[in-house]
Amino acid sequence: MPEKNAETPKPQQPNEPKQPAVRTLDARSLRGLAHPLRMRMLAALRHEGPATASQLAERLGESSGATSYHLRQLAAHGFVEDAPGHGKGRERWWQAVHQGTAFDETLMYDESDPETRGAADAFLHEIATIHTQELSTWLGDSHNWPREWRAATDLSDHTLRLTPAQATELIHKMHDLVNSYRDLPQAEGTETVRVHTHAFPRHGGAA
């Protein structure tokens, strides 16, 4: 699903966790992406690999006309491209250009561009909706998974007392830790694992 990063990834240094290929959103590309179906289509291509408009339509419960239109819009903004080597008929195959998306928080506060602010709000709320749906799907389906996988999941929350700088440091450390697991050798029993991170301030007393 869509990823939200606080900053553009820095050039990788030796011995640092490998960083995924990430598209940093500007005002124009944000407005092109901030649509629920486009975000879900892009996530499907990133997580499940190349697909046709018809395949995405069946997967997402949409019409192929709708997915075809939104794929063209995603392509116009540089999020998807043709997938060479897939398919032998007339149907067009698509693939994601990047593995993730970096979101600049300042896009939410541009007083001169209410359209971009609205797109930023829609983008973030759709991410929150997708995360909630993914968790609900897991909870509803967890009984079908082996015990070792049910034990290897987490649904935790923590309350800390931090400054903005400390919270930013924590977020970067969490991202680095997750990225360090990206290219582990494929062992027997490997499955796709979704990792959500949420960090935000709230008014209140001591932790």
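**From one contact to the whole fold**

Analyst: Gladly! The side chain of Asp-113 makes a polar contact with the side chain of Arg-31, at 3.3 Å. A polar contact is a pair of N or O atoms within 3.5 Å; within protein one must be able to donate a hydrogen and the other to accept it, and residues adjacent in sequence count only if both atoms are side-chain atoms. The model is predicted, so local features need pLDDT of at least 70 and side-chain atom pairs pLDDT 80 or more, while totals for chains, interfaces and linings use all residues. Residues are numbered from 1 along each chain as its sequence is written, and side-chain values use heavy atoms, with hydrogens and water left out.

User: Where is Asp-113 found, and which residues is it in contact with, leaving aside neighbours within four places in sequence?

Analyst: Asp-113 is found in the loop between S5 and H5. Contact means heavy atoms within 4.5 Å; beyond its neighbours within four places in sequence, Asp-113 touches Ala-27 and Arg-31.

User: Why does Asp-113 count as buried?

Analyst: Buried means under 20% relative accessible area, exposed over 50%, and partly exposed in between (1.4 Å probe, protein chains only). Asp-113 counts as buried because its relative accessibility is 18%. His-98 is also buried, at 19%. Ser-64, in helix H4, counts as partly exposed at 35%. Over the chain, buried residues make up 28% of the 207 residues.

User: How many helices and strands does the chain have?

Analyst: Helices (H or I, at least four residues) and strands (E, at least two) are DSSP runs, numbered from the N terminus. Here there are seven helices and five strands, in the pattern β-α-α-β-α-α-β-β-β-α-α-α.

User: What is the order of the strands in the open sheet?

Analyst: Two strands pair if DSSP finds at least two bridges between them. This open sheet of three strands has the order S2-S4-S3, with antiparallel pairing. The edge strands are S2 (51-52) and S3 (80-82), each pairing on one side only. S3 and S4 (residues 93-96) pair over three bridges, and Val-80 has Ala-96 in S4 as its bridge partner. Helix H2 (residues 36-48) packs on the sheet, touching S2, S3 and S4, and its direction makes about 85° with that of S4. Such axes are lines fitted to C-alpha atoms, for helices over the stretch in contact, with angles from 0 to 180 degrees between N-to-C directions.

User: Which residues have the most contacts inside the largest nonpolar core?

Analyst: A nonpolar core is a set of buried Ala, Val, Leu, Ile, Met, Phe, Trp, Tyr and Cys residues joined through side-chain atoms within 4.5 Å. The largest one has 26 residues, and those with the most contacts inside it are Leu-30, Leu-33, Leu-45, Leu-71, Val-80, Phe-103 and Phe-123. H2 gives the largest share, six residues.

User: Which residues of H5 are buried?

Analyst: They are Thr-116, Ala-119, Ala-120, Phe-123, Leu-124, Glu-126, Ile-127, Ile-130, His-131 and Glu-134. An α-helix has 3.6 residues a turn, so residues three or four places apart point the same way. What covers the buried residues of H5 includes H1 (27-33), H2 and S5 (100-102).
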